[in-house]
Amino acid sequence: MVALCSPVPEYAKGWISRICSRLRFGFFLLKDSEPKILSQPSTRPPRSKFFASLSISISFTALYSCHSVLGYVHFASYLCSLGVCLNVPMENLAEPISLRLFKTLSIVEHVAMAHVLSTSCCLKISSSKESYFKSSNDNFTSFSASFTSKICKSPVPRLVWQEKRLPRKCIFRATTLPANQEAPATQSSSGSLDASSELSKTQRVMVIGGDGYCGWATALHLSKKGYEVAIVDNLVRRLFDHQLSLDSLTPISSIHNRIRCWKSITGKTIELFIGDICDFEFLTETFKSFEPDAVVHFGEQRSAPYSMIDRSRAVFTQHNNVIGTLNVLFAIKEFREDCHLVKLGTMGEYGTPNIDIEEGYITITHNGRTDTLPYPKQASSFYHLSKVHDSHNIAFTCKAWGIRATDLNQGVVYGLRTEETAMHEELYNRFDYDGVFGTALNRFCVQAAVGHPLTVYGKGGQTRGYLDIRDTVQCVELAIANPANPGEFRVFNQFTEQFSVNELAALVTKAGEKLGLNVQTITVPNPRVEAEEHYYNAKHTKLVELGLKPHLLSDSLLDSLLNFAIKFKDRVDTKQIMPSVSWRKIGVKPRTIAA
Ligand SMILES: NC(=O)c1ccc[n+]([C@@H]2O[C@H](COP(=O)([O-])OP(=O)(O)OC[C@H]3O[C@@H](n4cnc5c(N)ncnc54)[C@H](O)[C@@H]3O)[C@@H](O)[C@H]2O)c1
């Protein structure tokens with residue numbers, strides 16, 4: 001039950017009522033001290049006596065104004081799900097609430113989003129249809145009831161909860177999936193994978209960041225190949241979209257619907273743990289519960305422009321990425337010391353040196369002495385710097401604790417479909433084209449489809465390694481099937497071809513013209529600080545030696561990408577295409593770049 005303090009804006013009453021009835025919550029409107037019932041309370045019994053007497057005060061000052069309503073309602077949803085009565089001051093609400101968003105969120109997502117906002121409790125979505133609450137001696141995720149703020153420097157909206165009672169443990173379990181089912185193993189695709197297919201049948205792989213672009217495609221691919229897969233994600237990527245008013249070109253289903261759909265098509269179960277890996281208590285529970293043999297770690301803030309928006313996003317990126325990875329390393333050491341860490345790094349860690357880029361290490365002779373040393377890193381954003389620091393932490397823990405790790409220094413990923421995501425619309429992957437999260441080739445295809453000139457930053461000679469998303473999933477599978485040795489810190493450069501930005505623009509122009517599109521290219525001032533003409537030759541042989549069969553960028557792929565972009569062009573927000581973040585103008589003041 002929710003009690004809303006007056007004055008509730010007129011426009012808000014309708015949708016609050018709809019949301020509450022959809023979520024089966026009752027709520028009261030308190031007006032001039034006269035409670036007025038807008039919607040009857042649910043007849044469900046209170047779920048927890050303890051929570052019913054919880055007293056909470058809330059600070060919403062950190063909520064971004066355009067998402068205040070979202071924050072309120074998610075928080076309310078969460079508390080309601082615990083049976084708590086809540087007082088919310090409504091006077092400062094703006095109207096930008098998106099009803100579409102609410103229609104697409106399931107109750108579990110409301111709860112999960114509230115979790116993201118509060119960042120302190122631990123939520124496991126598991127496979128049964130039993131009640132939400134269990135007593136604390138069950139083997140489910142537990143969390144402390146002392147909800148104090150945990151990520152005070154986060155740009156994620158945060159709530160400060162103060163509890164007057166002593167902290168107590170309770171168990172929260174949200175349920176959407178039918179009973180767990182063993183997935184039959186299928187044949188592997190390459191020589192090296194076949195060789196280890198026996199291993200793959202029993203391996204349990206935790207995909208951190210499995211709701212994201214690379215993670216979702218990888219989770220499905222591994223599940224199809226017979227691995228037991230669990231996704232760990234705090235859904236913060238979806239929250240970034242809401243904050244910045246961005247959206248994927250392709251409509252993407254909620255993580256729960258995605259997993260349900262996968263189960264109904266293939267019979268395979270993917271376990272889901274919703275929570276923040278920066279919360280070590282949560283991570284501990286996921287490790288103890290799932291007992292992974294391998295962890296694939298995609299779960300980071302992965303946009304260089306996002307990290308350069310303002311100070312708070314820079315701090316968030318480094319905190320989220322570095323502390324998250326550090327927690328994963330500690331969890332492996334503490335609970336699964338034989339677990340193989342497959343960590344997604346980036347080719348951007350190397351920068352653009354005027355010599356060939358090796359795979360992780362370089363042998364140097366200096367003053368008559370020779371050593372093989374980590375290849376020098378020259379990161380060019382706070383995001384890339386977080387990846388460099390991750391690599392150092394992983395290398396150190398391999399040496400100090402004997403952890404086995406593979407750092408996949410990935411190039412820029414393009415493409416939409418993998419064999420698995422193409423199986424059903426509910427399985428579609430996200431496709432970012434905006435100036436913050438969009439990667440070059442994906443963005444160019446969308447620009448060509450909607451008649452927007454391709455935006456080349458500066459001279460366009462910036463050269464990078466690229467790969468098809470179908471190769472991302474293949475590379476990860478290869479790394480898992482051929483694990484690093486204990487104490488080994490292995491580095492693979494994960495890309496298949498190099499292109500300059502000008503070359504990509506020329507390829508998209510040619511492919512667009514074949515489809516009858518009039519494709520123009522413009523030069524825009526480069527918002528980044530980077531070399532615009534430079535030498536670039538990066539090695540990438542180790543994954544090929546393990547059996548990678550690359551999908552090279554062909555006319556047919558560009559055709560299909562462009563056709564996808566044309567199919568969804570009504571969803572394109574052209575305001576989001578131009579670069580909006582300047583490396584030089586980053587400041588301390590929080591920015592709302594959608595405004
Ligand atoms: N996409 C590319 O072109 C590319 C290129 C090179 C490297 N990479 C690396 O690959 C990884 C995945 O990239 P992507 O494009 O799939 O990104 P993405 O943003 O689509 O997915 C990342 C996922 O991680 C989750 N996440 C973030 N922080 C988390 C946390 N603290 N706890 C739990 N979950 C968290 C997000 O909610 C999201 O679902 C990143 O580490 C990125 O640096 C990507």
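Biologist: Of the 27 residues around the ligand, which come nearest?

Modeller: This is a predicted model: local features need pLDDT of at least 70, side-chain atom pairs count only at pLDDT 80 or more, and totals for chains, interfaces and linings use all residues. Residues are numbered from 1 along each chain as its sequence is written. A residue is near a molecule if its C-beta atom, placed from the backbone, lies within 6 Å of it. Those that come nearest to the ligand are Gly209, Gly212, Arg237, Gly299 and Arg302.

Biologist: Which element gives the largest share of the shell around the ligand?

Modeller: Helices (H or I, at least four residues) and strands (E, at least two) are DSSP runs, numbered from the N terminus. Elements that each supply at least two shell residues include α9 (236-244) and β13 (340-346). The largest share, 3 residues, comes from α8.

Biologist: How do α13 and α14 lie, roughly parallel or roughly antiparallel?

Modeller: Axes are lines fitted to C-alpha atoms over the stretch in contact, and angles run from 0 to 180 degrees between N-to-C directions. α13 and α14 (residues 382-401) pack at about 15 degrees, with axes 9 Å apart. Angles under 35 degrees count as roughly parallel, and over 145 as roughly antiparallel. So α13 and α14 are roughly parallel.

Biologist: What percentage of the 595 residues in the chain is buried?

Modeller: A residue is buried if 20 or more other C-beta atoms, placed from the backbone, lie within 10 Å of its own. The chain has 19 helices and 22 strands. Of its 595 residues, the buried share is 48%.

Technical notes. Parallel < 35°, antiparallel > 145°, perpendicular 65-115°, else oblique. Buried ≥ 20, exposed ≤ 12 C-beta atoms within 10 Å, placed from the backbone.
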